[in-house]
Every structure is written in structure tokens, then in C-alpha cells.
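Then follow the text from one part to the next.

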Amino acid sequence: CKIDYLPSGDLLADRVILVTGAGDGIGRTAALSFARHGATVILLGRTIAKLEAVYDEIEAEGLPQPAIFPLNFEGASLKDFHDMAETLDKEFGRLDGILHNAGLLGRITPFEQYNPELWEQVMQVNINGPIWMTQALLPLLTASKDASVIFTSSSVGRRGRAYWGAYAVSKFATEGFVEVLADEVEHLGSLRVNSLNPGATRTAMRKTAYPAEDPMTLRTPEAIMPTYLWLMGPDSRGHNGEKFDAQPAVS
Ligand code: NDP
């Protein structure tokens, strides 16, 4: 946990960073924060109006011009990911980071009542889509001198909890995939892959999962950005295949 990390203003200068689920919650804040530290951000998500609002905010602050990439992980095909890689290759020629942040909660419900279609949907958005997107983007990541890939985990991706179903399983798969890919790219030295658990954070997803909780007791997405910046930027070089927390553990 690097919650006390103080990033330099130009920490991410000249870096091209893709953020998934950039229209809302933690992803929106991360995209803004990366741009404020000098990055050119590619805003990926499924609701174009939300991406446009983030785009406008970045432009209004006079930060490096971002790009919008509309994509819905449900229904996205391998061809979509390869087309995306081609577009980004033409535009930027490399990728210096990916924050895999888009996520779907599914339902908190006893397993015996879990709807199989919803289960598949959650696995698609939280792990299968991101995996194939990463495969398509690997050549762009290896074209960077110093690339950081961050997968978003959860406390239920480290210890299972009753009723969390596909969401928990998708986060365990995320942790497993990070270990596999990190081991494969270790020899490169220029590409690292780690997992990051944001911890309880004041967003719409958290509100859905814990409707009775007072959101004001939770840290905001802004408050957890130091760890995100540290892990995306050069100060975390040499860390590969590790699990990080964005804030000190709470329930
Ligand atoms: P939000 O629900 O606020 O935001 C999720 C983002 O993912 C939204 O931008 C959403 O787009 C996008 N998204 C959802 N489905 C798809 C899809 N099919 N295709 C593309 N984009 C999609 O969640 P948080 O900000 O809270 O969560 C961000 C990440 O952090 C998730 O991976 C979550 O699992 C993880 N996390 C969050 C915690 C918390 O306390 N908040 C705790 C532990 C982990 P749209 O806005 O268009 O729906």
C-alpha cells in the first residue's frame, strides 16, 4: 500500500496509458489523475456519454489530449481487440500502461440461485475480455521501454466469501492470470504485470454491494490514487507479479 506516496507532477509525462471502465468510479478518477501527471490517456468503456464527459474534463484542464475508445466487454470479439491494437498502433505505436479497471458486480446471491447467464457475463467482463484484449495489445506493450499493466482485484479475489459468486471467482482468476503473465514477461525487464486491490471505495458498485453502508465512511477514488500512480509510473519498476492494496485493509 502506497497511500502516502507523493508523485511528481510529471510522473507519467509522455506515457500512453489505456484505462478500461474510464467513464465512472475509480477508472474515471484514475484517467483524470494519470492525465494530470502528464499521461496521454485512452478512455475505454461502454457508455460513450460518460467517456465524453471525462474527455471534456481533461481538455478543459489543458492536459494532454486524450482518446476515446468505446468498447463493451460483453460481446466484444477477438477481432474487436485486434482492430483496437491496429488503431492504437497507428496512432501511438506503443502502450506504456494498461489499467484493467472495468468490472461488473453481478449479484450477491446464494450460489444455488446464481443465474448461469449472469455468471458468464461477469466472467466475460471481469476476466475473459481483459485477457484477450491484453493478448492483442502485447506487441504494443513490448514496444514500450517501461510498461506497467495493472489488473484490478478485490479482497474476495484473495479469500472467497459467501454469496459473492462469479465476481469473487473472476477476481481469483485475475490474480492467477497476473502470476502466469508476469512470469512469462519477467525476462523482458521492460514490462511488469501486477494486481491491485482498491479496497472499499466510494463508488456506485460499492453502494450496490453494501446498500446499508454509509458511503461517507469510505475513502473516495481520489484518496486511493497514490498507489495507482506509483504502480503505473517508473517508481514501481522491478515489481512484477505482485499483489498490491491501494489502502490499508478495512472490511
Ligand atoms: P463502478 O461500477 O463505479 O465502475 C465500473 C466501470 O466499469 C464503469 O465505468 C463501467 O461502465 C465499466 N464497465 C462495466 N461493465 C463494462 C463492460 N461490459 N464493458 C466496458 N466497461 C464496463 O465500479 P468501481 O469504480 O467501484 O470499480 C472499479 C474496479 O474496482 C472494478 O474492477 C471493481 O471490481 C474493483 N473494486 C472496487 C471496489 C470498491 O469498493 N469500489 C473494491 C474492490 C474492487 P459504465 O459506467 O458505462 O457502466
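Start with the shell around the ligand. By class, this shell holds nine nonpolar, 14 polar and five charged residues. Here Ala, Val, Leu, Ile, Met, Phe, Trp, Tyr, Cys and Pro count as nonpolar, Asp, Glu, Lys and Arg as charged, and the others, Gly among them, as polar. This is a predicted model: local features need pLDDT of at least 70, side-chain atom pairs count only at pLDDT 80 or more, and totals for chains, interfaces and linings use all residues. Residues are numbered from 1 along each chain as its sequence is written.

Which residues come nearest to the ligand? Of the 28 residues around the ligand, they are Gly21, Gly25, Thr47, Gly103 and Thr203. The elements that give two or more residues to the shell are α1 (25-36) and α6 (204-209). A residue is near a molecule or strand if its C-beta atom, placed from the backbone, lies within 6 Å of it. Helices (H or I, at least four residues) and strands (E, at least two) are DSSP runs, numbered from the N terminus.

Take Gly25. It lies in helix α1. Why does Gly25 count as buried? Because 20 other C-beta atoms lie within 10 Å. The rule is simple: a residue is buried if 20 or more other C-beta atoms lie within 10 Å of its own, exposed if 12 or fewer, and partly exposed in between, with C-beta atoms placed from the backbone. Gly25 touches Thr203, Ala204, Met205 and Pro221, leaving out residues up to four places away in sequence. Two residues are in contact if their C-beta atoms, placed from the backbone, lie within 7 Å. Thr227 is 202 residues from Gly25 along the chain, and their C-alpha atoms are separated by 16 Å.

Now step back to the record. The UniProt annotation "domain: Ketoreductase", from an unreviewed entry, covers residues 15-201. UniProt positions are given in the numbering used here, feature names are shortened, and annotations may be inferred rather than shown by experiment. Over residues 15-201 the chain is 47% helix and 17% strand. The end C-alpha atoms of that stretch are 26 Å apart.

Next comes strand β2 (40-45). Thr40 lies in this strand. Thr40 is buried, with 21 other C-beta atoms within 10 Å. Its contacts, not counting residues up to four places away in sequence, are Val16, Pro64, Gln65 and Pro66. Pro66 is 26 residues from Thr40 along the chain, yet their C-alpha atoms are separated by 5.5 Å.

Follow the chain onward. Arg46 lies in the loop between β2 and α2. Arg46 has 18 C-beta neighbours inside 10 Å, so Arg46 counts as partly exposed. Beyond its neighbours within four places in sequence, Arg46 is in contact with Leu71 and Asn72.

Helix α2 (residues 48-60) has 13 residues. From first C-alpha to last, α2 reaches 18 Å, close to the 18 Å expected at 1.5 Å a residue. The expected span of a helix is 1.5 Å times one less than its number of residues. Which residues of α2 are buried? They are Leu51, Val54, Tyr55 and Ile58. These residues cover an arc of only 105 degrees around the axis, so they sit on the same side of α2. The arc is that of the directions from the helix axis to the C-beta atoms. The buried residues of α2 pack against α1, β2 and β3 (67-70). On the other side of α2, Ala49, Asp56 and Ala60 are exposed. Gly62 follows α2, with a positive phi near 70 degrees.

Helix α3 (residues 78-91) can be read in the same way. Its 14 residues should span 20 Å at 1.5 Å a residue, and its end C-alpha atoms are 20 Å apart, which agrees. Phe81, Met84 and Leu88 are buried in α3. They cover an arc of only 55 degrees around the axis, so they lie on the same side of α3. The buried residues of α3 pack against β2, β3 and α4 (116-142). The face turned away from the buried side carries the exposed residues Leu78, Lys79, Asp83, Glu86 and Lys90. Just after α3, Gly93 takes a positive phi of about 80 degrees.
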